[in-house]
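Thanks for taking a look at this one with me.

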Amino acid sequence: MLTVLRSHVGKVRQVNEDQAWCGVLPGAWTAAIVADGMGGHRAGDVASSLAVDSLVQSLQAWEHSAAVADSVPKLKEIIRQANKTVFDTAALNDQYHNMGTTVVMALLRGDAGLIGHIGDSRAYRLREGRLELLTEDHTLVNELAKSGQLSPQEAAHHPRKNVLTRALGTDREVEADVRLIDWRSGDVLLLCSDGLSGLVEPSDVLAALEQPEAPLDQQAQQLIDLALDAGGDDNITVVLVADDGRAYAAGGESA
């Protein structure tokens with residue numbers, strides 16, 4: 001599988017608090033991670049960096065022989081360990097008090113995969129012209145929309161739409177959502193921070209990805225450009241994974 005990662009600080013922020021990683025792991029797994037940090041001065045980028053480093057270290061040390069469906073508990077444990085790393089660091093350093101981060105990650109192998117997430121960074125799957133959202137935002141506004149207190153239109157433009165109900169590192173214990181997905185040749189997986197999903201309509205994301213003649217890195221850059229053109233008021237991070245039937249060397253890419 002082919003992976004591409006792009007990240008941009010945006011037009012407003014001075015620091016990029018997003019962190020991401022993608023690569024191939026032992027056992028023919030392909031992994032991708034996006035984290036969007038939050039907190040006081042520089043605490044957000046510390047939180048997201050700690051989380052991604054912890055997740056990558058755990059994944060690289062993991063014995064990946066189990067079937068994908070049997071790996072759900074292990075993935076939850078890896079995310080819990082990352083939560084402990086961020087929480088403990090914040091507890092020992094006043095300057096990092098209450099820092100936290102979103103996390104969305106994917107593990108893919110063969111015809112199946114796992115999606116794990118906390119917060120409002122998202123995973124989408126493009127299949128046969130349809131873009132499907134694979135995650136559910138852990139936000140106050142999404143909870144209000146689910147209960148019928150807000151319409152989809154009201155939720156999309158609510159002034160508190162970025163208030164999280166769940167984040168990694170802000171509490172001693174946290175529960176990640178982990179789901180099993182099927183995976184086919186020709187599928188494209190998109191992981192992104194809300195710097196993309198909060199500004200760019202899904203129809204425009206779909207149009208950027210539905211360009212079979214365009215290389216994957218060009219599609220990723222077009223998504224970044226769409227978010228910048230829409231205002232770029234947040235950090236923007238995009239990871240694309242495509243199954244084109246070829247094998248690629250083990251390694252990793254981070255940003």
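1. **Ground rules.** This is a predicted model, where local features need pLDDT of at least 70, side-chain atom pairs count only at pLDDT 80 or more, and totals for chains, interfaces and linings use all residues. Residues are numbered from 1 along each chain as its sequence is written, and side-chain values use heavy atoms, with hydrogens and water left out.

2. **The main core.** A nonpolar core here is a set of buried Ala, Val, Leu, Ile, Met, Phe, Trp, Tyr and Cys residues joined through side-chain atoms within 4.5 Å. Buried stands for under 20% relative accessible area, exposed for over 50%, and partly exposed for what falls in between (1.4 Å probe, protein chains only). The largest such core has 34 residues, and I33, L55, L59, I79, M99, L107 and L168 have the most contacts inside it. Two or more residues each come from β2 (18-25), β3 (29-38), α1 (43-61), α2 (72-92), β4 (100-109) and β5 (112-118). Helices (H or I, at least four residues) and strands (E, at least two) are DSSP runs, numbered from the N terminus. Which element gives the largest share of this core? That is α1, with eight residues. As background, nonpolar side chains tend to be buried together in soluble globular proteins.

3. Contact means heavy atoms within 4.5 Å. With neighbours within four places in sequence set aside, I33 is in contact with Q19, A20, W21, V52, L55, V56, L59, V104, M105, L191 and V239. Another core, of 23 residues, lies apart from the largest one, and L131, V188, V200 and L223 are among its members.

4. **Helix α1.** The expected span of a helix is 1.5 Å times one less than its number of residues. For the 19 residues of α1 this should be 27 Å, and the end C-alpha atoms are 27 Å apart, so the two agree. Buried residues of α1 include A47, A51, V52, L55, V56 and L59, along with D45 and S48. The partners that the buried residues of α1 pack against are β2, β3, α2 and β4.

5. **Helix α7.** The 14 residues of α7 (residues 216-229) should span 20 Å, and the end C-alpha atoms are 20 Å apart, which agrees. L216, Q219, A220, L223, I224, A227 and L228 are buried in α7, and the buried residues of this helix pack against β1, β9, α5, α6 and β10 (236-242). After α7 comes G231, with a positive phi near 130°.

6. **Cavity and pocket.** On a 1 Å grid over the protein atoms alone, a cavity is a set of points where a 1.4 Å probe fits but cannot get out; a pocket is an open set with protein on both sides within 12 Å along at least five of seven lines, and lining residues have an atom within 4 Å of a point. Grid points are joined across faces, edges and corners, and a volume is the space filled by probe spheres set on the points. There is one cavity of 30 Å³ or more. The largest cavity is lined by Y124, L190, C192, L196, S197, V200, E201, P202 and V205; β9 (188-192), α5 (194-197) and α6 (202-209) each give two or more residues to that lining. The second largest pocket holds about 300 Å³ of space. Of its 18 lining residues, V188, P212, L216, Q219 and A242 lie nearest the centre.

7. T30 sits in strand β3 and counts as buried, at 5% relative accessibility. Its contacts beyond four places in sequence include M1, T3, G23, L107 and V241. M1 lies in the segment before β1 (2-8) and also counts as buried, at 15% relative accessibility. Between M1 and V241 there are 240 residues in sequence but 6.8 Å in space, C-alpha to C-alpha.

8. **Two positive phi values to check.** Most residues other than glycine have a negative phi. N98, in the loop between α2 and β4, has a positive phi near 65° and is partly exposed, with a relative accessible area of 47%. E128, in the loop between β6 (122-127) and β7 (130-133), has a positive phi near 50° and is exposed, at 74%.
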